[in-house]
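User: Could you walk me through this structure? I have a few questions about its layout.

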Amino acid sequence: MSKLLKPVVVIILAVGVAAGAAVFLSRGADKKTDNPNTPQHVEVKGGGHIRGSQNAQLTLVEFGDYECPICGAWHPFLKELLNRYPQQLRLEFHHYPLVSVHRNAMAGAMAAEAAGEQGKYWEMHDALLEHQNEWGESPNPEPMFQGLASRLGLDLNQFTQSLHSPALQNKILQDVTQAQDLHIEGTPTFFINGEQIHPKLSMEDLVQLIDAHLRSK
Amino acid sequence: MKVRSVLIACLAFVGMVDALYLSIERNAGPIPCHVTHGCTDVLTSKYSEIAGVPLSWFGLLFYITIMSLMVFKAFEDVEHPLNLPLAAVFYLTGAGLVVSALLVGIQAFILKAFCEYCLLSAALVLTMFLLAPNPGRHKHPQ
């Protein structure tokens with residue numbers, strides 16, 4: 001029995017130490033993950049879609065990808081934030097479709113912009129993020145986008161034409177260029193009034209940061 | 001042989017930390033690279049999971065198995081040496097090497113982005129494979 005006990009104890013200890021080391025490294029990385037190439041204060045040159053009060057004191061800029069699961073996870077929280085600070089906070093969304101890993105990310109951005117042509121950008125934005133799993137890895141997501149457009153009461157012919165509009169594609173690519181100029185590494189990446197938010201900031205931390213910004217105003 | 005077992009166990013320990021770190025960091029936001037470019041791209045790609053289970057969890061199971069086998073080998077009774085652990089590690093790391101090569105290939109040719117934590121894991125698997133003695137070579141001639 002004692003022959004078995006020693007190795008088992010060593011294995012349990014090793015797993016425990018490894019877990020501790022991983023948590024420690026993860027917390028340490030959180031403190032050091034700022035990309036040195038990313039300026040601390042940036043000026044996002046417009047072009048994004050605004051949600052919330054036009055006169056809000058704080059602008060939360062998001063560079064996002066409709067197929068990115070983390071963007072999907074943040075989505076309900078961001079909506080809740082806007083409800084919580086209806087006059088003080090607005091969201092400015094910029095496209096950053098990570099096309100090398102998300103095959104339909106660009107198509108998703110096009111669907112949002114196409115709905116925007118008919119004044120329903122944010123409705124499609126919500127629908128795309130809420131139904132990511134349905135269209136994300138589909139070999140042909142267009143019928144799913146049309147289904148969403150239909151539910152939103154859009155003119156399907158116009159929507160389908162807009163899905164292939166070079167002008168809308170250029171608009172998205174301008175956001176991509178801006179994201180690359182800012183050395184953004186992944187999505188979602190957030191800025192509050194030009195200040196980049198730490199990539200590992202929790203949702204609770206973000207609320208505290210917004211409160212701190214509002215108090216300092 | 002004991003030194004070799006301890007070495008492989010230590011490498012598996014590093015692999016466990018790597019896999020656990022990735023399991024913690026995954027889905028917690030962008031994962032910045034320090035050496036390569038594209039950690040988030042790789043770790044949020046469709047190749048980063050199987051049936052919804054992140055590959056890092058499989059990696060963790062793999063490394064715990066290797067480490068456990070090597071710890072049992074290191075504590076073996078000298079009079080009754082255990083042959084199974086080293087043979088198992090040889091075949092397991094061999095299989096791991098094939099999977100690692102496939103994943104590095106996906107990073108290089110499909111995603112065109114590299115994740116340093118994944119490359120570290122591939123390097124660990126390769127080193128463990130080279131350290132594990134081929135059981136076929138140690139058979140006595142008939």
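This is a predicted model: local features need pLDDT of at least 70, side-chain atom pairs count only at pLDDT 80 or more; totals for chains, interfaces and linings use all residues.

User: Which element gives the largest share of the side of chain A that touches chain B?

Analyst: Good one to ask! In this pairing, 30 residues of chain A are in contact with 28 residues of chain B. On the chain A side, the elements that give two or more residues are α1 (2-32) and α2 (69-84) of chain A. The largest share, 14 residues, comes from α1(A).

User: And how do the residues on that side of chain A divide into nonpolar, polar and charged?

Analyst: Staying with the side of chain A that touches chain B, the charged residues number five and the polar ones seven. The nonpolar residues number 18.

User: Why are the buried residues of α6(A) on the same side of the helix?

Analyst: The buried residues in helix α6 (residues 142-151) of chain A are Met144(A), Phe145(A), Leu148(A) and Ala149(A). They are on the same side of α6(A) because the arc they cover around the axis is only 140°.

User: Which residues are exposed on the other side of α6(A)?

Analyst: The buried residues of α6(A) pack against α3 (105-116), α4 (121-130), α5 (132-135) and α7 (156-163) of chain A. On the other side of α6(A), the exposed residues are Pro143(A), Ser150(A) and Arg151(A).

Key:
Residues are numbered from 1 along each chain as its sequence is written. Chains are lettered from A and ligands numbered from 1 in the order in which they are written. Two residues are in contact if their C-beta atoms, placed from the backbone, lie within 7 Å. Helices (H or I, at least four residues) and strands (E, at least two) are DSSP runs, numbered from the N terminus. Ala, Val, Leu, Ile, Met, Phe, Trp, Tyr, Cys and Pro count as nonpolar, Asp, Glu, Lys and Arg as charged, and the others, Gly among them, as polar. A residue is buried if 20 or more other C-beta atoms lie within 10 Å of its own, exposed if 12 or fewer, and partly exposed in between; C-beta atoms are placed from the backbone. The arc is that of the directions from the helix axis to the C-beta atoms.
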